[in-house]
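User: I would like to learn how to read a model of this kind feature by feature. Could you take me through one?

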Amino acid sequence: MRLTSKVLILIIMATLIPLSIVFFSYIMVSTLNDKSTFLFYAITAIIIALVMVIVLAFVVSNSISKPIVELSMISERVSMGELETEVPHQDRDDEIGLLAKSIERLRRSLKIAIDSLEEALR
């Protein structure tokens, strides 16, 4: 599975930012030498990391699931005979773009076959 550069940057940010927060917290606490302060910073860093992971998961899932649902709906319309339907997401450089291009080729092939059949029946 190829990752787009935006998703890759989000994954790196989601990994590095919480780690830097934990590291910064550790440095702060080691100078303070107080267990309750360390616990506060550690819990804060964990909460921030969890929030960032949840946001990242939401963004990534939406960037994948919405186009797949749209392509599924387009495929359904094509299967019902709506061959003038425009197929979105063909400009993407990932698997979703490949799927969209394949659906477009299928749609065009069906249209040509039906047009040829109609022409032969006349």
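Predicted model: local features only at pLDDT ≥ 70, side-chain atom pairs only at ≥ 80, totals over all residues.

User: How many helices and strands does the protein chain have?

Analyst: There are 3 helices and 0 strands, so that the order of elements from the N terminus reads α-α-α. Among contacts with a separation of 6 or more, 52% join residues 24 or more positions apart.

User: How do I judge the geometry of helix α3, and what span does it reach?

Analyst: One compares its end-to-end distance with the span expected at 1.5 Å a residue. Helix α3 comprises residues 95-121, 27 residues in total, and its first and last C-alpha atoms lie 39 Å apart, close to the expected 39 Å.

User: Which residues of α3 are buried, and which residues make up the largest nonpolar core?

Analyst: Burial is judged by relative accessible area, with under 20% as the cut-off. Of the 122 residues in the protein chain, 19% count as buried, and in α3 the buried residues are I96, G97, A100, I103, E104 and R107. The largest nonpolar core has 8 residues, namely L71, I74, V78, L83, V87, I96, A100 and I103. To this core α2 (35-79) and α3 each supply at least two residues.

User: Why does E104 count as buried, and what is it in contact with?

Analyst: E104, which is found in helix α3, counts as buried because its relative accessibility is 7%. Leaving aside neighbours within four places in sequence, E104 is in contact with V87 and Q90, and V87 is itself one of the residues of the largest nonpolar core.

User: Which residues does I96 touch?

Analyst: When residues up to four places away in sequence are not counted, I96 touches S63, I64, P67, I68, L71 and H89.

User: Where is phi of H89, and is it positive or negative?

Analyst: Phi of H89 is near 70°, a positive value in a residue other than glycine.

Key
Residues numbered from 1 in each chain as written. Heavy atoms only, no water. Helix = DSSP H or I, 4+ residues; strand = E, 2+ residues; numbered from the N terminus. Expected span 1.5 Å × (residues − 1). Buried < 20%, exposed > 50% of the residue type's maximum accessible area, 1.4 Å probe, protein only. Core = buried A, V, L, I, M, F, W, Y, C linked by side-chain atoms within 4.5 Å. Contact = heavy atoms within 4.5 Å.
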